[in-house]
Amino acid sequence: MVDDRLRTPGAVRDAERFTAHNYHPLPVVITSAEGAWLTDVDGRRYLDCLAGYSALNFGHRHPGLIAAAHAQLDRLTLTSRAFIHDQFADFCRELAELCGKDLVLPMNTGAEAVETGIKVARKWGYQVKGVPAGQANIVVAEGNFHGRTTTIVSFSTDEDARADFGPYTPGFTVVPYGDLDALAAAVDENTVAVLLEPIQGEQGVVVPPEGYLPGVRRVCTERNVLLVADEIQSGLGRTGTTFACEHEGVVPDMYLLGKALGGGIVPVSAVAANTDVLGVLKPGQHGSTFGGNPLACAVATEVVRLLATGEFQRRSAELGERLHAGLQSLVGKGLVAVRGRGLWAGLDIDPTLMTGRQACERLMERGVLAKDTHGSTLRLAPPLVITAEEIDHAVAQLAAVLAG
Ligand SMILES: *Cc1c(COP(=O)(O)O)cnc(C)c1O
């Protein structure tokens, strides 16, 4: 008899037994993957329509990324920043070039990139802008998701993310997302930064009204405030361009990057900005033991090179049109609304039909893995290596689920 821990129900039970329940995963136990496809312990195959929340933009085990990781594992994995290693310069230069910025500061997780952005903006505020000590404030948007640290959840408007984690870090002003007048009114002489997602991913792939981001850029420039774009989920090809800000011709003062930068292999995040901003940091003022390690740099340099070809951005733009056309055809047939750009879509399911969670469970039974965000909202973010036929397949399975 086969050990039941090697089958889905036993493996699900064991996975839940010794872990904090800070997630509510779908009851599927993955054992291998390639490209856009996952295989579970029972040998069932699933089309991945989440891509690790966009950490897997290039698909599972992209050959070039895996080769870079293997080669680096055989040479050098960690030095700490106390010493320089031979993968560091190329990574920083090529990422800076991709971003059109002078400098890069590598970290590991997205939340660390956000924390870094906050610290740099505050220091810039005191040292360059001349904000009185301890008075810096940062304007953020309702519905934001920037990570899980105590400072970041301090300005979250999601009660689950925030409640009972106080005392909260002061220095943040929350304004409605997409409302330029409210944002302009919240900026004062002590504002050092506006921190925004150009598209709010966790909130349900919410695209702000046209003209909003250019308006924010204008306000920031006029009032001497840094525009910090959290492109951790929206960036690196997801929306059909390298950065989501590009759709409206906006260049932020600081990019926060993560997720796909690690190629789905290692956590890699980074802040990119010009010397007048990132140059405020001096030795000892910020750091990370693992940030910019050789393995991370080797993989992330390969990620940057994949993006430098433009191929993945093009795929996302072209296939995104197909995905959105397919989803639009389901509006009125179980879907209430569809939003997004490129291979990134937020869907509101008719709440009288089912919750987002139920939709995901039924999609799973049909061999498609996706994730609900809130209530009846679902997010689709397949790997950018997905094919047109696979997109049609995913849309057909969703249509079947909605049709009951
Ligand atoms: C995922 C995410 C983060 C946090 O990244 P972690 O690697 O989970 O810390 C921050 N901002 C945005 C927009 C994200 O989607």
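Which residue has an N or O atom in its side chain 2.7 Å from an oxygen atom of the ligand? The residue is Gln-233. The model is predicted, so local features require pLDDT of at least 70 and side-chain atom pairs pLDDT 80 or more, whereas totals for chains, interfaces and linings use all residues. Residues are numbered from 1 along each chain as its sequence is written, and side-chain values use heavy atoms, without hydrogens and water.

**Ligand surroundings**

- A polar backbone atom of Gly-110 lies 2.8 Å from an oxygen atom of the ligand.
- A nitrogen atom of the ligand is 3.3 Å from a backbone N or O atom of Phe-145.
- The protein buries 81% of the 380 Å² that the ligand exposes when taken alone (Shrake-Rupley method, 1.4 Å probe).

**Helix α4**

- Helix α4, a DSSP run of H or I with at least four residues, covers residues 88–99 and spans 17 Å from first to last C-alpha, close to the expected 16 Å (1.5 Å times one less than its number of residues).
- Its buried residues (under 20% relative accessible area, 1.4 Å probe, protein chains only) include Phe-88, Phe-91 and Glu-94.
- The buried residues of α4 pack against β4, β9, β10 and α11, with contact meaning heavy atoms within 4.5 Å.
- Gly-100 follows α4 and has a positive phi, near 70°.

Technical notes. A polar contact is a pair of N or O atoms within 3.5 Å; within protein, one must be able to donate a hydrogen and the other to accept it, and residues adjacent in sequence count only if both atoms are side-chain atoms. Helices (H or I, at least four residues) and strands (E, at least two) are DSSP runs, numbered from the N terminus. Buried means under 20% relative accessible area, exposed over 50%, partly exposed in between (1.4 Å probe, protein chains only).
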